[in-house]
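Please open the model in your viewer and keep the selection panel at hand.

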Amino acid sequence: MDLGLKDRVAVVAASSQGLGKAVALGLAAEGAKLALCARTESTLSVTAREIARETGADVLARPLDVTNYDAVCRFIAEVMSRYGRVDICVANAGGPPSKTFAETTVEDWHCAAEMNLMSTVYFARETLPLMLQRRWGRFIAITSMTVKQPVEGLILSNSVRAGVSGLIKSLANEYGPYNVLVNNVCPGYTATARLISLAGTLAQKQGVTPQEIEARWAGQAPLGRVGRPGEFADLVVFLASERASYITGVSIAVDGGAVKGLY
Ligand code: NAD
């Protein structure tokens, strides 16, 4: 299948490692030009060089914090001066800490809203008008299976990411008439640094080993294992492609079947 991604310009946020990096690699392998960002310059530049070497893609990489709106604006302006267009934007960020409601401070709530809701708003504000002008675009948010089914101990993710789902559905309605498609991809338990760190936190709290926590997560999915970042990225790459031209406003889980509800 030709995905029609050759020479498309793709912004991938929070992409120095984990799911963002896997998505960037997948898009580059299909011929897209990349604009990557993440907080830490050293890891980001290693990732950018690795992707360029493996795929031959054109890669622009800039360190920034996705919660800083001015930095996002400067980044997208630089992408425009380098490539002259933005076709695809994948909004991603770090995940909020694992806490119960009782453990969560007001400051934690503000941080999670900035990190996981407002960062998506910032990238949408700066990239959707550019896609609208060209009457072609793909905006994809990376959220979590928590938008379909709350996960114990992740009160911040369970709450704040639901706002992202509402945002995505609303943007799909507003931008659909301009052939700009807006979707939400919801990872289940996927083997990245974030998952290892969450397993460590929960293991300490519960007095078990991180391996026991990981085995419990694997057991929640009918497929009996956690996911690989590349399996998640494959869906994002498809949604970013020409082939996904009649899919907008959906939240799709890539979770090995872990979500137990019907939708
Ligand atoms: P990760 O911790 O492995 O990678 C996170 C990336 O985000 C890194 O590149 C990091 O540099 C970057 N980042 C973090 N905060 C940033 C900031 N303020 N500004 C710019 N860049 C920032 O995480 P991951 O597993 O790849 O997860 C990506 C997203 O998906 C997170 O929001 C996470 O909560 C969510 N998620 C992950 C899983 C999973 O099992 N891995 C499951 C559900 C949801």
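For the classes used below, Ala, Val, Leu, Ile, Met, Phe, Trp, Tyr, Cys and Pro count as nonpolar, Asp, Glu, Lys and Arg as charged, and the others, Gly among them, as polar. The model is a predicted one, in which local features need pLDDT of at least 70 and side-chain atom pairs count only at pLDDT 80 or more, while totals for chains, interfaces and linings use all residues. Residues are numbered from 1 along each chain as its sequence is written, and side-chain values use heavy atoms, with hydrogens and water left out.

Rolling a probe the size of a water molecule over the atoms shows where empty space is left. On a 1 Å grid over the protein atoms alone, a cavity is a set of points where a 1.4 Å probe fits but cannot get out, whereas a pocket is an open set with protein on both sides within 12 Å along at least five of seven lines; lining residues have an atom within 4 Å of a point. Grid points are joined across faces, edges and corners, and a volume is the space filled by probe spheres set on the points.

The search of the whole structure finds 1 cavity of 30 Å³ or more, and the largest cavity holds about 60 Å³ of space. To display its lining, select Ala 91, Asn 92, Ala 93, Met 115, Asn 116, Ser 119, Thr 120, Ala 141, Ile 142, Thr 143, Arg 161 and Val 164. By class, this lining has 6 nonpolar, 5 polar and 1 charged residues. Helices and strands here are DSSP runs numbered from the N terminus (helices H or I, at least four residues; strands E, at least two), and the largest share of the cavity lining, 4 residues, comes from H4.

**The open spaces**

Next, select Ala 93, Gly 94, Gly 95, Thr 192 and Arg 194, which lie nearest the centre of the largest pocket among its 38 lining residues. This pocket has a volume of about 860 Å³, and its lining comprises 16 nonpolar, 18 polar and 4 charged residues. Helices H1 (18–29), H4 (106–134), H5 (155–175) and H6 (193–206) each supply at least two residues of that lining, with H6 giving the largest share, 5 residues.

Then move to Val 151, Glu 152, Gly 153, Leu 202 and Gln 206, nearest the centre of the second largest pocket, which is lined by 20 residues. About 390 Å³ of space lies in this second largest pocket, and H6 and helix H7 (210–220) each supply at least two residues of its lining.

**Two backbone positions**

Most residues other than glycine have a negative phi. Select Ala 14, in the loop between strand E1 (9–12) and H1, where phi is near 50 degrees, a positive value. Arg 135, in the loop between H4 and E5, has a positive phi of about 55 degrees.

**A helix pair**

Finally, show helix H3 (residues 69–83) with H4: they pack at an angle of about 25 degrees, with their axes 9 Å apart. Axes are lines fitted to C-alpha atoms, for helices over the stretch in contact, and angles run from 0 to 180 degrees between N-to-C directions. In the loop between H3 and strand E4 (88–91), select Val 86, which lies 6.4 Å from Leu 130, C-alpha to C-alpha, although the two are 44 residues apart in sequence.
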